[in-house]
Amino acid sequence: MATTDAFIGLGSNLADPTAQLARAVAELAALPDTTLVAQSTFYSSRPVGPQDQPDFVNGAVWLQTRLTPLQLLDHLQEIEQHHGRKRKQRWGPRTLDLDLLMYGDDTICSERLTVPHPELPNRDFVLQPLLDLKADLALPNGQSIVDLRKQCPDNNLRPLPPLSREPISPG
């Protein structure tokens with residue numbers, strides 16, 4: 001079975017968000033039939049939705065995987081649960097949010113999964129990390145991430161300094 005490029009968005013604003021994301025990257029790299037190709041810089045940004053919550057830390061990873069989109073989604077949700085994710089409020093605070101942003105050139109619209117992620121064009125904290133990973137990335141419809149980033153509203157995106165290079169264990 002051939003591998004597919006999958007791009008995953010990461011976000012957290014609770015319980016040491018930078019550490020949450022670093023641990024999630026290690027967990028994603030350890031998924032079966034999956035290789036971590038690259039990790040973006042982490043960024044800080046204002047929350048989308050309710051403003052009475054801490055700023056978010058966001059990033060993205062590029063995976064090559066043999067997992068199907070729904071198998072990958074199941075793994076993402078399992079990792080979120082392992083990090084104590086509670087789905088109480090739409091766009092509310094969270095320990096970890098993992099979004100399957102893109103899966104190859106596939107367009108998926110099902111009850112469980114929509115790919116490309118429907119909010120991708122409106123989120124600088126998603127678009128910029130994707131550009132960090134692959135500057136010529138485009139949506140399945142041909143629209144370039146560079147063009148989307150130029151048109152995207154500003155959410156006070158700020159790059160964070162790199163983490164120490166000590167390996168983070170998956171859990």
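So, Asp97 and Arg94: their side chains meet in a salt bridge, with N to O at 3.1 Å. Keep in mind that this is a predicted model. And where do Asp97 and Arg94 sit, buried or exposed? Both of them are buried.

Quick reminder of the idea behind this: side chains of opposite charge can pair when their charged atoms come close.

Okay, how many salt bridges does a search of the whole structure find? It finds 5. I'll walk you through two others.

Take Glu119, which forms a salt bridge with Arg123; here the closest N and O atoms are 3.6 Å apart. Arg123 has a relative accessible area of 10%, so it counts as buried, because the cut-off for that is under 20%. Glu119 comes in at 26% relative accessibility, so we call Glu119 partly exposed.

Next up, Asp136 and Lys134. They form a salt bridge too, and their closest N and O atoms are 3.1 Å apart. Asp136 is at 59% relative accessibility, and exposed means over 50%, so Asp136 counts as exposed. Lys134 has a relative accessible area of 24%, which makes Lys134 partly exposed.

You'll find Val115 in strand 7, which covers residues 114-115. Its relative accessible area is 1%, so Val115 is buried. What does Val115 touch, if we skip residues up to four places away in sequence? The list is Leu100, Leu101, Met102, Tyr103, Asp106, Thr107 and Ile108.

One last thing to find on your screen: Val115 and Pro140. They're 25 residues apart in sequence, and C-alpha to C-alpha they're 9.5 Å apart in space.

How values were computed: Residues are numbered from 1 along each chain as its sequence is written. This is a predicted model: local features need pLDDT of at least 70, side-chain atom pairs count only at pLDDT 80 or more; totals for chains, interfaces and linings use all residues. Side-chain values use heavy atoms; hydrogens and water are left out. Helices (H or I, at least four residues) and strands (E, at least two) are DSSP runs, numbered from the N terminus. Buried means under 20% relative accessible area, exposed over 50%, partly exposed in between (1.4 Å probe, protein chains only). Contact means heavy atoms within 4.5 Å. A salt bridge is a side-chain nitrogen of Lys or Arg within 4 Å of a carboxyl oxygen of Asp or Glu.
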